[in-house]
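Welcome! Take a moment to look over the sequence and the 3D view before reading on.

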Amino acid sequence: MSKKLWGLLALLLAFMLVLAACNGDEKETSSTDEGTKTEDTTKSEGNEEGTEEEAEEPAAEDSDALFPLSVENEGDAISGGTLKVAMSKDEPFQGIFSYVLYEDAYDAEILAYASNSLFETDGDFLLTDEGIASMEVDQDNNKVLVKIREGVKWSDGEPLKVEDLIQPYLIIGHKDYTGVRYDVDFQNIIGAVEYHDGKADTISGLKKLDETTLEISFNKLSPAIFSGGDGIWTYAEPSHIVKDIPVAELVESDAVRKNPVTLGAFIIDKIVPGESVQLVANENYWKGKPKLDGVLIKVVPTSSISVALQQGEYDVAISFNASKMEEVKDFDNIDILGRQELYYSYLGFKLGKYDYDNSVVVTDVEGSKMGDVKLRQAMGYALDVEQVAEVFYNNLRERANSLIPPVFASFYDDSLEGYTYDPDKAAALLDEAGFKDVDGDGIREDKEGKPFEIKFATMSGDDIAEDITQFYMQNWKDVGLNVTLTTGRTIEFNSFYDKVQADDPEIDIFMAAWGTGTNPSPAGLYSKTAEYNFSRYSSDFLEETLTNIDSPKAFDADYRAEQFRAWQEYMAEQAPIIPTMYRYELVPVNKRVKNWNIDYANPTELQDIELVSDTAVKSTK
Amino acid sequence: MWKTIVRRVLIMIPQLFVLSLLIFIMAKQLPGDPFTGLLTPDTDPNRIEELRELAGLNDPWYVQYVNWIVNAAQGDLGKSYTYKIKVSTLIGERALNTFWLSLVSVIILYLIAIPLGVLAGRYQDTFLDKIVVFYSFVTYAIPTFVLALIFLFIFGYQLHWFPTVGSVDIKYDTGTAGYIWSKLYHMLLPAFTTAVLGTTAVVQYLRSEIIDAKSLDYVRTARSKGIPVNKVYSRHIFRNSLLPIAAFLGFTITGLLAGSIFIETIFGYPGMGQLFISSLVSRDYSVITALVMLFGFLALLGSLLSDIIMSIVDPRIRIE
């Protein structure tokens, strides 16, 4: 009997171990990762920082970076071959293969292989002249000339025309268009609103000057135009295919769902809805036919992505969850490339309300519980973000010092000190501000000596999210602040943003994150009119700086960079929002792949990718 | 009997109506809406508000409900906010996947469970019986995702006996023999996993029924007439012991469409379970309501089917 019992116990224990190991995976899959979604309006390839850990052939320039940006594997390239790409994801992809219509970043990642992108970008995500089209900005007349290269062909052999550049505007501006891209920026194009309202048959601001040149007239221009902002659309649509499809039916049409005609290195050949996409080399690609025969992209559940990589089932993994790093770091058949994402998480303080009737932020610093700048600064210094990054994220995140991710090298202010962990300084600031512990219970009272409670809203997610929340609350308690959770627990994503947007009085401080997109202009998140200015903080100086950043004067790059710095310093000092962490994106690449580079400034050219063996390389560990 | 069936079907109409009202109100009570997830610094909040208005989400709930029910009555369940295709098309795709997967699992389940149950019952208290009972407890106790992952790692990634993700290999064209085989091949491992996890109830019911039946009068009569033991088991005991299993056969049939979130997620198999959960998370109202209505209808139908099946299998039961 006892023998049996022991056997059973051993078995149970074994299962529990497996369970514990798997449990983490399960939970992560359901988290919405702090509820950020990024949608790049320009191209989503590349980075700037990079280097070694176990230096392979790293494109090393910056010794701070944790991972190499590129890899070159030894061996003679085989001719052709199919690159197998794993898209680590627990749900089917949506499968909207159109730049004007897609909403999900995963669709964009697939589309990148077929790309209709007209421009290429540099390390700051500014448009360059290297791509299919080049741009000439006439600042005085608010006009832009877009010129396309001669001889560029669609994947079906049809030449690229100026009409193909106009077509996407006609779709987005159409009254039947139900996507998010008909926005304030788009309405900056002269005639866009009239076309949308049905008062005009076409957009008057778009003029075909000759067979290769399009002239676009704007109401106003800002430096954002160089980031693909201000309403300019940086992708082409095959007008010979889509112009006859009613806009309302486009999203369900075969031209979007089954066989989109594209300009990129590969052509979407076959799709199993939600599961996999087969692409073949585009004979007509303007940079030359790709060396690979094709690319196969498959959705691989996050629970088995590590094993799949170990077995060499895939050559590259995209949207790889960085928390899997521990599982894959010992595999000897892959190299792990990494780059910083266009992302920051932050701690926000409610300092006012949004007046939805007049679309304006009403800041009330004096009347807000968090109104004292020293209190805000102290709360920043009290957080041991460094330890969270190290312990909970294995250093795959790092403490943020600025609201501009370092990826934007020209705009990022690396001299900012930020809120490094310093509980003594926090305590000193609180003492100075008059938050003292009057009754001797270890918890500070407010300036009048009344009990002081700070309501903290944060999102639920994986187990880590809960642990980190508790950790931060302990940090604050250590400096004598009584922080309690809004609603008593962490809040589900939708509910969280509902409350934050509505300026729920139960929220004094909140933690969230932004994926910043490729346009670094902070106006959309911090200006007086921005609904997404969740801290509801605004001041004359802030408004002025934000206006300067996007002013005509800022066409001068030095001036713009200077204004960016002024803004970052001001925000750090006033602390209405304290950035907490930047995040790394990891890309595991199998040894079978000859060359791969994820530098934002200089990504691998898809047509140049090669394989060095017919079969995948398995890990021996 | 027919009268009863018609009456039960007619009663379903008000039941479903109440269900639709409940789910509609409850779905709208959830915080956020399908557009909350579009929040990025690049999206214009005014445009999102416009889209809400266009989608009718700013109307009072009863207006939305009437619009929805009028359209639904004409067979138009609306469009998915997430996938931007007709709800009927979306559910159709997933339901087909789930239906075949569940059917294969049920077949495998009975292929495993019935022999085990019969043997355990017949050779009660032997070593064989103990092994079966042990097997039942282990498979009952082990969480779905643990077993699914273990099977996937062993049979999929280590031994390469089965494909590891998806419902079909992309290289085959729809409708060809290769395509059908590939679909079946992709189903086997998830179906086997589901089957192994679900055998306990059937095994235990069958085993205890058989043990009970062994000492009943009709078995002793049969034995005393000189009928061989094997025949007594196969002809007399087996049929009677299947009754409790037949009792939930109706639910088993309609349950074929429910799907399992764990199995679908781990095997990357797009099915109904996953669709339901993700539609809840993304507040895809049109999909949520359609699925709840479908599941509700299936539950009602399942109980009716079970009653009908019982009356056929067991002549002592009559539906009045």
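## Where the chains meet

Two residues count as in contact if their C-beta atoms, placed from the backbone, lie within 7 Å. With that in mind, this predicted model has 53 residues of chain A in contact with 44 residues of chain B.

Several elements of chain A each supply at least two residues of the side that touches chain B. Among them are helix H1 (2–30), strand S7 (266–272), strand S8 (276–281) and strand S9 (294–300) of chain A. Helix H14 (493–501) and strand S18 (509–515) of chain A are also included. The largest share, six residues, comes from H1(A). By type, the residues on this side of chain A divide into 22 nonpolar, 17 polar and 14 charged.

## A four-stranded sheet in chain A

Now turn to the sheet. Strands of a sheet pair through backbone hydrogen bonds, either parallel or antiparallel. In chain A, four strands in the order S3-S4-S6-S5 form an open sheet with antiparallel pairing. Strand S3 (133–138) and strand S5 (206–210) of chain A are the edge strands, each pairing on one side only. From one strand to the next, the twist averages 25°.

Look at one pair in detail: S5(A) and strand S6 (residues 213–217) of chain A pair in the antiparallel sense over four bridges. Here A:Leu206 stands opposite A:Ile216 in S6(A).

## A helix on the sheet

Which strands does helix H3 (residues 162–172) of chain A touch as it packs on the sheet? Helix H3 of chain A touches strand S4 (143–148), S5 and S6 of chain A. The direction of this helix makes about 30° with that of S6(A).

How values were computed. Residues are numbered from 1 along each chain as its sequence is written. Chains are lettered from A and ligands numbered from 1 in the order in which they are written. This is a predicted model: local features need pLDDT of at least 70, side-chain atom pairs count only at pLDDT 80 or more; totals for chains, interfaces and linings use all residues. Ala, Val, Leu, Ile, Met, Phe, Trp, Tyr, Cys and Pro count as nonpolar, Asp, Glu, Lys and Arg as charged, and the others, Gly among them, as polar. Two strands pair if DSSP finds at least two bridges between them. Axes are lines fitted to C-alpha atoms, for helices over the stretch in contact, and angles run from 0 to 180 degrees between N-to-C directions.
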